[in-house]
Amino acid sequence: MTIDLDAIAANWRALDAMSAAGVQTAAVVKADGYGLGVGKVARALAAAGARRFFVAVAEEGWAVREALGPGPEIGVFSGHMPGDTDMIHDLGLVPMLNSIEQMTRHFEALPGHPFGVQLDSGMNRLGMEPGEWAAVREMVLGLGPRLLMSHLACADDPDHEMNPRQLAQFIEMTEGCDVPRSFAATGGILLGPDYHFDLTRPGVGLYGGLPYEDARPVVELDLPVIQLREIAAGESIGYGNTFVAERPTRVATVSGGYADGLSRHLSNHGVLFHEDTPCPILGRVSMDLIGVEVSHLGEEPKFLTMLGRHQGVDDIAEAAGTIGYEVLTQLGPRYVRRYARGRE
Ligand SMILES: *Cc1c(COP(=O)(O)O)cnc(C)c1O
């Protein structure tokens, strides 16, 4: 598995360039940098110019702080959970407080420690409801939050009526607050300047995923061929005999399976590539192995490519019935992650 850190940096710069000069662009590095290795990813993003980072939970802040040192701000979407106080304090994390309960916990345990506030503009996932916020707003603003943020539910669909509805709700909840505001993740950046406010928070677009169609691809994944065999018409491949050859077939068994994040839904369905030539998956994807048709190749392949110039994370996601986010974050710990630089 090869991760192109320059492509991540280029994607950050391109997303940064889409908003006006005064808008800051953060970087979301939750889930181990979307599965790519948060230490390397965070350092590459910091070198590209990112100064604010976000993780999902306080535990993830440790590796980011370790990689970045004391300067950059690290926000925590899940806020201030019971047991988080020491981590938030020691690592200098900035929790996005989601409820009155979290506010009480934070202001009592760490008075004066920086915080942001997450507001629910309609997604009904995290953040304070409009009524709740109205009740505490003046008091909380008096304590100097760093950021007021909310999250879009349907930003990957630019025509969705939910987008302007959430925008109006967010404006209503934050108007006149005189605190920096953040509303857009990758999809929201692409919706245009009305959605950018003071700080954007791209994640998946940095790593080459949709909805950022123009992203530079970041991950390449080659699976070594362990064995090649010829099977006769009528013979089957893999668990459950779900593929039966209709003609003599040459099969490569490659090292990789659902334990490495390659979905079982790719069974008899997905393809790998040998250079420019697609090679269909034959039979079930097993935990560690996949059978692949190579009868049509003129040579014996040493490896086959799962992710590369002909097939990206969203192509695999479509074949597997999921989204690029899930493909990325499932890329397993058994792959050796090699970090490349300087390929323009
Ligand atoms: C994951 C997440 C992001 C980043 O979203 P992408 O779609 O990956 O750009 C931003 N904000 C919040 C609250 C998130 O949970």
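N268 is partly exposed, with a relative accessible area of 36% (buried means under 20%, exposed over 50%, and partly exposed in between, using a 1.4 Å probe and protein chains only). N268 sits in the loop between strand 14 (249-255) and strand 15 (271-274), and its phi is positive, about 55 degrees, although N268 is not a glycine. This is a predicted model, in which local features need pLDDT of at least 70, side-chain atom pairs count only at pLDDT 80 or more, and totals for chains, interfaces and linings use all residues. Residues are numbered from 1 along each chain as its sequence is written, and side-chain values use heavy atoms, with hydrogens and water left out.

**The chain as a whole**

- The chain holds 11 helices and 19 strands (DSSP runs numbered from the N terminus, with helices being H or I of at least four residues and strands being E of at least two).
- Its C-alpha atoms fill a box of roughly 75 × 40 × 40 Å along the principal axes.
- Of the 344 residues in the chain, 52% are buried.
- Taking contacts between residues at least 6 apart in sequence, 62% join residues at least 24 apart (contact means heavy atoms within 4.5 Å).
- The unreviewed UniProt entry annotates residues 218-340 as "domain: Alanine racemase C-terminal" (UniProt positions follow the numbering used here, feature names are shortened, and annotations may be inferred rather than shown by experiment).
- Over residues 218-340 the chain is 12% helix and 37% strand, and the end C-alpha atoms lie 10 Å apart.

**The annotated active-site residues**

- In the same record, still an unreviewed UniProt entry, "active site" covers K30 and Y239.
- These residues span 210 residues in sequence and their farthest two C-alpha atoms are 35.3 Å apart, so they do not all gather at one spot.
- Of these residues, K30 is included in the lining of the largest pocket (on a 1 Å grid over the protein atoms alone, a pocket is an open set of points with protein on both sides within 12 Å along at least five of seven lines, unlike a cavity, where a 1.4 Å probe fits but cannot get out; lining residues have an atom within 4 Å of a point).
- K30 belongs to helix 2 (residues 30-34) and is partly exposed, at 27% relative accessible area.
- Setting aside residues up to four places away in sequence, K30 touches F54, V55, A56, E60 and F77.
- Y239 is placed in the loop between strand 12 (236-237) and strand 13 (243-244), and is exposed, at 59% relative accessible area.
- Beyond its neighbours within four places in sequence, Y239 is in contact with R284 and S286.

**Around the ligand**

- Among the 14 residues around the ligand, those that come nearest are K30, Y34, T186, V204 and Y325 (a residue is near a molecule or strand if one of its heavy atoms lies within 4 Å of it).
- A polar side-chain atom of K30 is 2.7 Å from a ligand oxygen atom (a polar contact is a pair of N or O atoms within 3.5 Å; within protein, one must be able to donate a hydrogen and the other to accept it, and residues adjacent in sequence count only if both atoms are side-chain atoms).
- V204 contributes a backbone N or O atom, 2.7 Å from an oxygen atom of the ligand.
- For H151, an N or O atom in the side chain is 3.4 Å from a nitrogen atom of the ligand.

**A buried asparagine**

- N98 lies in the loop between strand 6 (93-97) and helix 6 (100-109), and is buried, with 6% relative accessible area.
- A polar atom of the N98 side chain is 3.3 Å from the backbone oxygen of S78.
- Not counting residues up to four places away in sequence, N98 touches F77, S78, G79, Q118, L126, G127 and M128.

**Helix 10**

- V313, D314, I316, A317 and A320 are buried in helix 10 (residues 313-320).
- Those buried residues fall within an arc of 160 degrees seen down the helix axis, so they line one face of helix 10 (the arc is that of the directions from the helix axis to the C-beta atoms).
- They pack against strand 18 (303-307) and helix 11 (324-330).
- G321 follows helix 10, with a positive phi near 70 degrees.

**Backbone points to check**

- Most residues other than glycine have a negative phi, and most peptide bonds are trans.
- N241 has a positive phi of about 50 degrees although it is not a glycine; N241 lies in the loop between strand 12 and strand 13.
- L210 and P211 are joined by a cis peptide bond, with omega about 15 degrees.
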